[in-house]
Amino acid sequence: MKALEGIKILDFTHVQSGPTCTQLLAWFGADVIKVERPGVGDATRKQLVDVPGADSLYFTMLNHNKRSIELNSKNETGKEVLTRLVEECDVLVENFAPGALDRMGFSWERIQQINPRLIMASIKGFGPGKYEDCKVYENVAQCAGGSASTTGFLDGPPTVTGAQIGDSGTGLHLALGIVTALFQREKSGRGQRVTCAMQDGVLNLARVKMRDQQRLAAGPLKEYSQFGEGIPFAEATPRAGNDSGGGQPGRILKCKGWEQDPNAYTYFIIQAAVWEKVCDVIGEPEWKTKEGYAKPPERLDKLNEIFDRIEEWTMTKTKFEVMDICNPLDIPVGPILSMKEISEDEGLFATGTMVKVDHPERGEYLSVGCPIKLSDSPAQVRRSPLLGEHTEEILTDVLGYGGDDLERVIDSGAVGEIKRDAAD
Ligand SMILES: CC(C)(COP(=O)(O)OP(=O)(O)OC[C@H]1O[C@@H](n2cnc3c(N)ncnc32)[C@H](O)[C@@H]1OP(=O)(O)O)[C@@H](O)C(=O)NCCC(=O)NCCS
C-alpha cells in the first residue's frame, strides 16, 4: 500500500510549479487526474521539443504517474464534468494566473458548496497585495524573493540560480501544505484553502540572507570574503560569490584539468576544527601555529592568500582525488558535478534518484526520480500520460458515466477526441 493511496487529486496544474507538486503526490500513491485543454494540453508538452512529434522532456519529467483527461472547462458539459470531479476528488491543485478559476465559475466559495471536504491548493506568483494580479515565472520569483540580489559576485550583476527554486521549490512547499491539510481534515472533516506564493517560497529558501540583513545593523558580516578584503558593506545583504552561508570560510577551487573541463572544480571549506589537517594536506604545517594564521578570526584578512595556496594543491589533483584525500580527514569538500556526470552515476540509479523511463513516443529517457524516500511507500516512477490517454477511463471508472450519458458527454466536444488504443 502506498502512503496516499485512495486520495484523488484533481490536477489542474501546468508548466512547472504545480506539476512538480502533483508529481510528488502521485509518487506517494495518490491518484492524480490531470485535466488538460482538449487538443492542446499542458503547454510544456510542446515546449523545448527534442523529438519531433513526441511529448517534450519538459513535460514527461514533470508529470510521471499521472492520468490525463482532456476537458474544456469553459464548455457547459465540461463544467458539468468538472463539477463531478470536484465532488469525487479530495484535493484540487491549480497554478493558473490569478482569477482564472473564478472566471471559469469555480471560485473557492462555489467549490466549498460542491464539496466541503475538498482541499483547494493554489500557487500564485505573489500573495495578496499590490502585485497579486501578476503572472509570474521562475526567474521573476527568484528576483522578487531576494535570491537574485544575494547570488553572484560582489562586482557583478544579480544572478539567478539554475536550481528552480521558484517553480519546483514552491511546488514542494505546496505539497507539504496539502498533506498537512489532509491530516487536519482527518480530525475536522473539512477541506481548506492552501496557498503558496512563489515569492514567499523563494524567500523561505533565502532565509539566511534575511538573517544577514538584520545582522548588518550590528556591524560588518565578518564571514563574508569582502570583510577580509576590506570592502565596506552597504545597506543590504551583499552578493557573496561562493562563500558558504554558514559562517565557515569556503570557496570553489580549480582542480586538475580545469583548463579543458569547465567543471573540474571542488568546493573546499576550512572549518576551524580541521584547520590543522588542512595545513598538513596542502604542505603548510607551520600555519598551524603561526601568528595570524592559527586562529579563525586572525585568518579573515588572509583568506584570499590561504585559498590561493589550497588551490595550488587542488590543481594537482582531480576533484575526485581531492574528495578521496579530504573526506577521511573530515575536511568538508565536494566535487562540482556536471549534469553529464550525474546522469552517469550508477549510485543514483541504484537509489532511484535517477531513473530510466520508457515512453511510447520517444523511447527510453532519463529522469530524476523521487528525492524523498519512504520505507513503507517506495516510489515507482511510471511514464507521463499522453494527452487525453485516460479520458474515457476517468469518465467511466471515476465519475460513473456510461451508456447514452457517456456518449452525450463525448458528443458535446467537452472532452476532445477519445483515444481508445493509446499505446502503453
Ligand atoms: C504560468 C502563467 C504565467 C501562465 O500564464 P498563461 O499561459 O497565460 O496561462 P493562464 O494560467 O492565464 O491560463 C490561460 C487560460 O487558459 C484557460 N484554461 C486552462 N485550462 C483550461 C481548460 N482545460 N479548458 C478551458 N480553458 C482552460 C484558463 O482558464 C485561462 O483562461 P482566462 O485567461 O480566460 O482566465 C500563469 O498561469 C501564472 O501566473 N500562474 C501562477 C504562477 C505560476 O505557477 N507560475 C509558474 C509557472 S511554472
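The largest nonpolar core of this predicted model holds 58 residues, and those with the most contacts inside the core are I9, L10, L25, V91, L92 and I178. A nonpolar core here is a set of buried Ala, Val, Leu, Ile, Met, Phe, Trp, Tyr and Cys residues joined through C-beta atoms within 7 Å. A residue counts as buried if 20 or more other C-beta atoms lie within 10 Å of its own, as exposed if 12 or fewer do, and as partly exposed in between, with C-beta atoms placed from the backbone. Helix α1 gives this core its largest share, five residues. A second, separate core of 14 residues includes W287, I306, V322 and V333.

Because the model is predicted, local features need pLDDT of at least 70 and side-chain atom pairs count only at pLDDT 80 or more, while totals for chains, interfaces and linings use all residues. Residues are numbered from 1 along each chain as its sequence is written.

Helices (H or I, at least four residues) and strands (E, at least two) are DSSP runs, numbered from the N terminus.

The strands come next. In β4 (residues 91-94), V91 and V93 point one way and L92 and E94 the other, yet all are buried. Strand β4 runs parallel to β1 (residues 8-12), joined by four bridges, and also parallel to β5, again through four bridges. Two strands pair if DSSP finds at least two bridges between them. Beyond its neighbours within four places in sequence, L10 is in contact (C-beta atoms within 7 Å, placed from the backbone) with I33, V35, L85, V86, C89, V91 and L92.

Which residues come nearest to the ligand? Of the 24 residues around the ligand, these are V15, N95, F96, A97 and K135. Elements giving two or more residues to this shell are α1, β2 (31-36), α4 (100-104) and β5 (119-124), and α4 supplies the largest share, three residues.

Finally, the domain assignment gives domain 1 (8-205 + 347-411) and domain 2 (249-331), with bounds taken from an automatic or database assignment. The C-alpha centres of domain 1 and domain 2 lie 44 Å apart.

Methods: Near = placed C-beta within 6 Å. Contact = placed C-beta atoms within 7 Å.
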